[in-house]
Amino acid sequence: MNRPIRSVAVLGSGVMGSRIAALFAGVGVKVLLLDIVPKEPNEAEKAKGLSLESLPVRNRIVNEALAATLKSKPAALFHPSDSRHISTGNFDDDLHRIADVDWIIEVVVENLKIKQSVFEQVEKFRKPGTLVTSNTSGIPIHLMSAGRSEDFQAHFCGTHFFNPPRYLRLLEVIPAPGTRPEILDFLLDYGDRFLGKTTVLAKDTPAFIANRVGVFGFMAVFQVMQELGLSVDEVDALSGPVMGRPKSATFRTADVVGLDTLVHVARNLYEAVPDDEARALFKLPPFLDKMIEAKMLGDKTGSGFFKKIRSEKDIPQNAGTTLRKGDILTLNLSTLEYAPRVKPHFATLDTAKPIEDLGQRLRALYAGKDKAGAFYRRFHHLLFAYVSHRIPEISDELYRIDEALRAGFGWETGAFESWDILGVKTVLESMKTEGIEAAPWVSDMLSDGNTSFYKTENNQRLFYDIPSKSYQPIPAAQKFILLENFAEKTVWKNSACRLVDIGDGVVALSWNTKMNSIGGEVLEGVMKSVALAEEQFKGLVIANGSDKFSAGANVGLIFMFAAEQEYDELDFAVRQFQNTTMRLRYSSIPVVVAPHGLTLGGGCEMCLHADAVQAAAETYIGLVEVGVGLIPGGGGTKELALRASDRNIKEDIELNYLQQLFINVGTAKVATSAREAFDMSLFRKGTDSISMNPDRRVSEAKQKVLALADAGYTQPALKTDIKVQGRAGLGPLLIGIHGMWRGNYISDYDKLIAEKLAHVMCGGTLSQPTLVSEQYLLDLEREAFLSLCGQHKTLERLQSILTTGKPLRN
């Protein structure tokens, strides 16, 4: 369908409305954001002599909401300049402007009568064919479009974004009775390609898919916690990253979302699903009723399951420990009193935590013999039974439930995926011994000889289709290249890396190490991949799975060599890293790196040396080595000096540009989006590109490789004409460093690191601006890196990273 979206109107500027507006502005769409007119001027407006007829007063609600969103952290916009795409107004004066937009999104209060009233007004101004959708999280879609015109109903449906819409990738699309199929297809595709969403077609059932199952998950945890006598701290230790869930786990998530919101959804579900076999679980446990009554709603009231000590009066009497401002207290659900946090200890957790692979870790947790193991078995049994019974009620296909849970709640594996990991038949038998019954179709599937909900064939992921009793391709996945599906196309591998053939003469390299860090085996993998690609293929893509590209070089290896004063080994390791990044730059085939998530240090340096970058929009990239007492040593410092040289601008501006690059590295600045990385010169305009949907980046990187190859890619020549500033650039930088030091903004050791960095970026102490080679700069970079490795304070910082995960300021 040829339906360009040039402008949208967002009706309602609350937390969701203003952030949805920011999301569309971030992809370059013009946004009209509207809200109600205040009932009267506030005191500040009256003091200025303003009346209800004054425009600042009439637009106060929408403007204040937008201003709060623009200040929010994490940022709602991909780039601060995106705010220029948003204009504001109010329903009384500006609703007629919706006649000019392509899509109207309603995000007003969750009240059916109010929404129906808004749509009645919308129909007065909306031009035929304009999309109209509601962001409701639970009101039946069919009730909202009742009574509207045939054209309105044909172009109306639900589009449920999750908060915050920039970061949570789920977009549920819910048809109304009259919605045209091509409208649903358009929205599913637009959300995927332009908004970067995992788009899931949901049925018009209570809470749709994600909230129906996700809220059940919360209530199941509450139930199991009470059965086993677990504490809040224990449950959050069990239900967080160790089992593939967000760091906020269960109770911290509830505090962030707001207990009133969670309770509202649970109560609504209890009333709306009289035939749900697990309906009793949606009935609130007594502690939740008491917390709501006491206004203990979480972060919004300052106290929930957790409470931060803000003054001495918050410290419990007889705490038995030393507490101070900023410490976190935990709620005792029996007494509703706060006490110091207690670190839980479970043998099952101790066994599972060191296991890197999530599948192996889940199996270890499920097999635990202590109370933790009982928690995992009981919770998963309840969850698996529930999702099996929701088909076909909330979805005809099981994969949609998993996609919704991953994208909407941040689960690393969906419910059916987890069941596959643990073993469908084995778990089903265990469930039966507990009296927990799955839907009959699961037993039927096993009886037919099908042992899993998913399988991979011919590089495609298939799901078990219940009506046909056969495996079918996941439609959305056919658009993507998911490297984990290409194991049977392996060209080469070692214990860390795998090189796979992704078709059309292109290979892709990925690695799987802790934090996807870069050590000797990864460097070997890169060198081998380039060599094989030169011999047999058109080009190479470098990309990784999980939630990050790479956290950088293997800090533990650097620390070991530095602590043992193995400087020859260190020198070899740094040379190896530099040679590897230079091999990416100077090969006979195009190399495209496709980063996403954390892309720090050495991961950033790989991007800097690629022929092109195809980055996910949510790429957080930077050269952060100064945080561990070093400078970028894998060619990163050299590359920024080179990019400063390539910038053809006047001499004085050139120095300012060099200074800005120096500040970025010297402060370990990390871009908060791929868009910001262009401002920092980590990505190059006209060469590097952004994939809004991270699942598309490998496919789009492959197309970039093929385009470069088909254009007659030729191996670049080594650069010998890099203009460095020498003392002309070094002087201003050293003055700035000295000023920061004298002002006590940086330590003595920070000053030393900054001076080393400036020395390299300016090409040393050359008497005047001079043309030098890349190798000259690489040698300076390596010498500075090695000299810092010999410093005791660098060892302290490296050790701090390894033991606490945080840099030490010394």
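Ser546 is located in the loop that runs between strand E18 (539-543) and strand E19 (548-550). The model described here is predicted. The backbone of Ser546 has a phi near 55°, which is a positive value in a residue other than glycine. With a relative accessibility of 58%, Ser546 counts as exposed, because the cut-off for that class is over 50%.

A positive phi, near 65°, is also found at Ser681, again a residue other than glycine. Ser681 belongs to the loop between helix H28 (674-679) and strand E24 (689-691). The relative accessibility of Ser681 is 10%, and this residue counts as buried.

Cis peptide bonds were examined next. One joins Lys73 and Pro74, with omega at about -5°. Pro74 sits in the loop between helix H4 (60-71) and strand E3 (86-90). Another cis peptide bond joins Ile391 and Pro392, where omega is about 10°. Pro392 is likewise a loop residue, placed between helix H17 (371-389) and helix H18 (398-409).

The loop between strand E14 (470-473) and strand E15 (490-493) contains Pro475, and Ile474 lies in the loop between E14 and E15 as well. Ile474 has a relative accessibility of 5% and counts as buried, whereas Pro475, at 41%, counts as partly exposed. Ile474 and Gln460 are separated by 14 residues in sequence and by 8.1 Å in space, taken from C-alpha to C-alpha. For Pro475 and Arg461 the separation in sequence is 14 residues, and the C-alpha to C-alpha distance is 9.5 Å.

Elsewhere, one aromatic cluster is formed by Phe384, Phe416, Trp419, Trp441, Phe453, Tyr464 and Tyr471.

Arginine side chains also lie over aromatic faces. Arg245 is placed over the face of Trp411, at a distance of 3.5 Å from the ring centre. Arg279 is placed over the face of Tyr270, and the distance from the ring centre is 3.8 Å.

The structure holds 0 disulfides. The sulfur of Cys607 has its closest cysteine sulfur in Cys604, at 6.3 Å, which is too far for a bond, because a disulfide requires the two sulfur atoms to be within 2.5 Å. Cys789 is in no disulfide either, and the nearest cysteine sulfur, again that of Cys604, is 19 Å away. Cys607 counts as buried at 1% relative accessibility. Cys789 is buried too, with a relative accessible area of 1%.

The lining of the second largest cavity consists of Gly622, Leu623, Leu640, Leu661, Asn664, Val665, Lys669, Met680 and Leu682. Helix H27 (residues 651-666) supplies the largest share of this lining, with 3 residues. By residue class, the lining of the second largest cavity divides into 6 nonpolar, 2 polar and 1 charged.

Note on methods. Residues are numbered from 1 along each chain as its sequence is written. This is a predicted model: local features need pLDDT of at least 70, side-chain atom pairs count only at pLDDT 80 or more; totals for chains, interfaces and linings use all residues. Side-chain values use heavy atoms; hydrogens and water are left out. Buried means under 20% relative accessible area, exposed over 50%, partly exposed in between (1.4 Å probe, protein chains only). Rings of Phe, Tyr and Trp (its six-membered ring) pair if their centres lie within 6.5 Å; planes under 30 degrees apart count as stacked, over 60 as edge-to-face and the rest as tilted. A charge sits over a ring if NZ of Lys or CZ of Arg is within 6 Å of the ring centre and within 35 degrees of the ring normal. On a 1 Å grid over the protein atoms alone, a cavity is a set of points where a 1.4 Å probe fits but cannot get out, and a pocket is an open set with protein on both sides within 12 Å along at least five of seven lines; lining residues have an atom within 4 Å of a point. Helices (H or I, at least four residues) and strands (E, at least two) are DSSP runs, numbered from the N terminus. Ala, Val, Leu, Ile, Met, Phe, Trp, Tyr, Cys and Pro count as nonpolar, Asp, Glu, Lys and Arg as charged, and the others, Gly among them, as polar.
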